[in-house]
Amino acid sequence: MASKISVLEEELSCPVCCDIYRDPVLLKCSHSFCKDCLEKDWQEKSSRECPVCRRESSMDEPPLNLALKNTCEAFLHERSQRAAAGSEVLCHLHNEKLKLFCLDDQVLVCVVCQTSETHENHKLVNFNTFTEPFRSSRRN
């Protein structure tokens, strides 16, 4: 099951590592990459070409894409604030909502984790059902 990502998140993702850009650099062909991803790609291939369009790059040190870097940092900050506020708690592995509680491991899991080998044959309960008795006792 593929995790759902927003169009914005897709646009803010490096085409090499598929994560949100970290220290994005810009090539003359207008493609951006994480600085580390581009350096590793160039080391592995022993050539300085764009990993997307394969145009040769004459730059040894591509410039930092500051606008993209600021946008990615703002996106990550906003996403972490939403998660901290409890409006959207996501699995760090699958980017899915954490809806289940594994009684064996005492951790929250998503529906993708539920079917993984890690939680095979474990007792899982709906997180809302599991926490409801605690919420009720606090109200009284």
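Me: Buried means under 20% relative accessible area, exposed means over 50%, and partly exposed is whatever lies in between (1.4 Å probe, protein chains only). Why is R22 called partly exposed, then?

Reply: R22 has a relative accessibility of 43%. That value lies between 20% and 50%, so R22 counts as partly exposed. By the way, this is a predicted model, where local features need pLDDT of at least 70 and side-chain atom pairs count only at pLDDT 80 or more, while totals for chains, interfaces and linings use all residues. Residues are numbered from 1 along each chain as its sequence is written, and side-chain values use heavy atoms, leaving out hydrogens and water.

Me: What makes D19 and R22 a salt bridge?

Reply: You need a side-chain nitrogen of Lys or Arg within 4 Å of a carboxyl oxygen of Asp or Glu. Here the N to O distance is 3.8 Å, so the pair of D19 and R22 passes. The idea behind it is simple: side chains of opposite charge can pair when their charged atoms come close. D19 is partly exposed as well, because its relative accessible area is 41%.

Me: How many salt bridges turn up in the whole structure?

Reply: The search finds six. One of them joins D60 to R48, with the closest N and O atoms 3.3 Å apart. Both residues sit in the loop between α2 and α3, twelve residues apart, and the pair is said to link distant parts of the chain.

Me: Why does the pair of R54 and E49 count as a salt bridge?

Reply: Their closest N and O atoms are 3.9 Å apart, and 3.9 Å is within 4 Å, so the pair passes. The two ends get separate labels: E49 is at 19%, under the 20% limit, so E49 is buried, whereas R54 is partly exposed at 43%.

Me: What makes a group of residues a nonpolar core?

Reply: The members must be buried Ala, Val, Leu, Ile, Met, Phe, Trp, Tyr or Cys residues, joined through side-chain atoms within 4.5 Å. The largest core here has 17 residues, and L12, C14, Y21, L27, F33, L38 and C72 have the most contacts inside it. β2 (32-34), α2 (35-45) and α3 (66-84) each give two or more residues to this core. Another core of eight residues lies apart from it, with C91, L100, C102 and V109 among them.

Me: What does F33 touch, skipping residues up to four places away in sequence?

Reply: Contact means heavy atoms within 4.5 Å. The partners of F33 include C14, Y21, D23, L27, L38 and C50.

Me: How do you know which strands are the edges of the sheet?

Reply: Two strands pair if DSSP finds at least two bridges between them. The open sheet has three strands in the order β4-β3-β5, with antiparallel pairing. β4 (107-109) and β5 (124-126) each pair on one side only, and that makes them the edge strands.

Me: How many helices and strands does the chain have?

Reply: There are five helices and five strands. Helices (H or I, at least four residues) and strands (E, at least two) are DSSP runs, numbered from the N terminus. From that end, the order is α-β-β-α-α-β-β-α-β-α. Of the 140 residues, 29% count as buried.
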